[in-house]
Amino acid sequence: MTRRTDWADHEYASPSPGAAWGRGTGGDPGSAGDGAEAYGTGGDHEGTAGGARGHGSPGRGPRKPGTRRRRGSGEPSGEDGGSSSLSRAEQGEPPADPAERARAICLRLLTGSPRTRKQLADALRKREIPDDVAEEVLSRFEEVGLINDSAFADAWVESRHHGRGLARRALAQELRTKGVDPALVDEAVAQLDSEQEEETARELVARKLRSTRGLDRDKRVRRLAGMLARKGYSEGMALRLVRRALEEEGEDPEFLAGGDF
């Protein structure tokens, strides 16, 4: 016959489902165990069993991968303003205030690359920001220097001319399509003088010349001059530089004296 005390010992050594794990090392049901005791570092029966059953959770088996731990009774809920409640930004929701939304949109776009005022205004209109709100936000951004169409135009000319070899005419057209004021466009393209523009065109022809070898002369002239024309160089400059380059390569100058592309 099993003694009553034996059943009590057995109960604390191997709790049934639903029984509380993590009691104190002396088997006292009133001492709540947590921390090291809950993970079985105390060396007693309760801690060892608790560690084997998965982090000392009350009467549960190991948590399956991908499952979420249920909120304990001591954890605050989102409804009562606890730490688990998320803000709009954390939940990925746009701010409710139109001005706040407009600022967030502009900052996000400006983080990627500089933008003109018109580009930002178009983006705000597309996202249905009221015009008066957009105007106020954009003006404030200009005041603090986050929008600067003059600096944008200067940097654009510097980058596109040296990187792509674009002439003043092509650069001015690009800036106008981005909404830069015509006066600022003129100031920016004035950085390039005629000599610098012609030197860049000559380098473009020299780089392209080799790829045209093997073609007849007329086709070479059209291809090289057409390349310069697409980059904004005038027809007169393009033909003059192409003919000079072909003449230096040994083409008949009499043939190159006439014609166009």
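Reply: Arg202 forms a salt bridge with Glu198, the closest N and O atoms being 3.2 Å apart; the term denotes a side-chain nitrogen of Lys or Arg within 4 Å of a carboxyl oxygen of Asp or Glu. The model is predicted: local features need pLDDT of at least 70 and side-chain atom pairs count only at pLDDT 80 or more, whereas totals for chains, interfaces and linings use all residues. Residues are numbered from 1 along each chain as its sequence is written, and side-chain values use heavy atoms, with hydrogens and water left out.

Arg202 and Glu198 are 4 residues apart in helix α10, a separation of about one helical turn. Helices here are DSSP runs of H or I with at least four residues, numbered from the N terminus, and strands are E runs of at least two. Arg202 meets Glu199 in a salt bridge as well, at 2.7 Å from N to O; these two residues lie 3 places apart in α10, about one turn of the helix. Glu198, Glu199, Arg202 and Arg240 are linked in a network of salt bridges.

The classes are buried under 20%, exposed over 50% and partly exposed in between, with a 1.4 Å probe and protein chains only.

A nonpolar core is a set of buried Ala, Val, Leu, Ile, Met, Phe, Trp, Tyr and Cys residues joined through side-chain atoms within 4.5 Å. This core has 18 residues, and those with the most contacts inside it are Ala201, Leu228, Tyr233, Val242 and Leu246. Its largest share, 7 residues, comes from α12. Leu228 touches Ala201, Leu204, Val205, Tyr233, Ala238 and Val242, not counting residues up to four places away in sequence; contact means heavy atoms within 4.5 Å.

A second, separate core of 17 residues includes Leu110, Ala121, Leu124 and Leu138. Two of these residues, Leu124 and Leu138, are among those touched by Cys106, together with Leu120 and Phe141, when residues up to four places away in sequence are not counted. Cys106 lies in helix α4 (residues 98-112) and is buried, at 0% relative accessibility. The C-alpha atoms of Cys106 and Ala123 are 8.3 Å apart, although the two residues are 17 positions apart in sequence.

The search of the whole structure finds 13 salt bridges, and one of them joins Glu135 to Arg117, with closest N and O atoms 2.7 Å apart. Glu135 lies in helix α6 and Arg117 in helix α5, so this pair ties together parts that are 18 residues apart in sequence. Arg117 is buried at 16% relative accessible area, whereas Glu135 is partly exposed at 44%. The loop between α5 (117-126) and α6 (131-143) holds Glu128. Glu128 has a positive phi of about 65° although it is not a glycine, and it is exposed, with a relative accessible area of 70%.
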